[in-house]
Amino acid sequence: MESRLIFINLLVKLGIAAAVSSSLVRSKEFKSLLFREERTFRQKVYLVLWFSLPIMVGVGIRISQKSFAAGDMSFETALLLGVIGGRWAGSLGGVLMGIPALLGHGEWAAMPFDVLAGFPRGPTADHGRR
């Protein structure tokens with residue numbers, strides 16, 4: 001791949017991340033979920049849905065357009081969900097973001113890759129306190 005094409009793809013990815021994050025941060029509910037110290041099970045599910053649904057749309061767009069490779073940010077989002085919400089949230093987000101690639105395009109390795117990206121990044125049971 002030519003270096004200019006890689007640079008353009010990274011700029012498009014950065015633009016997509018900025019657009020999604022600026023639209024999410026305007027919601028009071030999303031901000032309250034994001035800045036909590038401890039989250040209940042239901043709050044973790046809501047956080048996963050807030051992150052995963054826009055990225056699922058991006059994966060669907062990537063699948064429908066043959067030349068558009070920069071819209072898929074499922075790997076990065078699974079990492080972020082694992083860090084913010086924990087192992088369970090990162091894994092569930094990886095499953096949700098891998099569904100369009102698996103069903104729409106037959107990419108069978110996308111879902112396990114996203115799940116594995118979100119799982120080990122999460123905090124441990126003691127949340128790093130020693």
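Leaving aside its neighbours within four places in sequence, which residues is Met-56 in contact with? The partners are Leu-96, Met-97 and Pro-100, where contact means heavy atoms within 4.5 Å. This is a predicted model, in which local features need pLDDT of at least 70 and side-chain atom pairs count only at pLDDT 80 or more, while totals for chains, interfaces and linings use all residues. Residues are numbered from 1 along each chain as its sequence is written, and side-chain values use heavy atoms, with hydrogens and water left out.

**Overall build**

- The protein has six helices and zero strands. Helices (H or I, at least four residues) and strands (E, at least two) are DSSP runs, numbered from the N terminus.
- From the N terminus on, the order of elements is α-α-α-α-α-α.
- Of the 130 residues in the protein, 32% are buried. Buried means under 20% relative accessible area, exposed means over 50%, and partly exposed is in between, using a 1.4 Å probe and protein chains only.
- Take the contacts in the protein with a separation of 6 or more: residues 24 or more positions apart account for 62% of them.

**Helix H5**

- Helix H5 covers residues 87-105. Its 19 residues should span 27 Å at 1.5 Å a residue, and its end C-alpha atoms are 27 Å apart, which agrees. The expected span is 1.5 Å times one less than the number of residues.
- H5 has a kink of about 35° at Gly-98, shortly before the proline Pro-100. The bend at a residue is the angle between axes fitted to the seven residues ending there and the seven starting there.
- Several H5 residues are buried, among them Gly-93, Gly-94, Leu-96, Met-97, Gly-98 and Pro-100.
- After H5 comes Gly-106, with a positive phi near 75°.

- Met-56 sits in helix H3.
- Met-56 is partly exposed, because its relative accessible area is 21%.
- Met-56 and Pro-100 are 44 residues apart along the chain, and their C-alpha atoms are separated by 6.7 Å.

**Aromatic pairs**

- How many aromatic pairs does a search of the whole structure find? The search finds four. Rings of Phe, Tyr and Trp (its six-membered ring) pair if their centres lie within 6.5 Å; planes under 30 degrees apart count as stacked, over 60 as edge-to-face and the rest as tilted.
- Phe-30 and Trp-50 make a tilted pair, 5.7 Å centre to centre with 50° between the planes. This pair links distant parts of the chain, with Phe-30 in helix H2 (residues 28-34) and Trp-50 in helix H3, 20 residues apart.
- Phe-30 is buried, because its relative accessible area is 5%. Trp-50 is partly exposed, because its value is 25%.
- Phe-41 and Trp-88 make a tilted pair too, 5.0 Å centre to centre with 55° between the planes. Phe-41 is in helix H3 and Trp-88 in helix H5, so the pair ties together parts that are 47 residues apart in sequence.
- Phe-41 counts as exposed, because its relative accessibility is 58%. Trp-88 is partly exposed, at 37%.
- Phe-30, Trp-50 and Phe-51 form one aromatic cluster.

**The nonpolar core**

- The largest nonpolar core has 14 residues. Such a core is a set of buried Ala, Val, Leu, Ile, Met, Phe, Trp, Tyr and Cys residues joined through side-chain atoms within 4.5 Å.
- Phe-30, Leu-47, Val-48, Phe-51, Leu-81 and Met-97 touch the most other members of the core.
- H2, H3, H4 and H5 each supply at least two residues of this core. H3 gives the largest share, four residues.
- Not counting residues up to four places away in sequence, Phe-51 touches Phe-30, Leu-34, Thr-77, Leu-80, Leu-81 and Ile-84.
- With the same exclusion, Phe-30 touches Leu-24, Val-25, Leu-47, Trp-50 and Phe-51.

**Two further residues**

- Gln-43 lies in helix H3 and is buried, because its relative accessible area is 17%.
- Arg-87 lies over the face of Phe-119, at 5.0 Å from the ring centre. A charge sits over a ring if NZ of Lys or CZ of Arg is within 6 Å of the ring centre and within 35 degrees of the ring normal.
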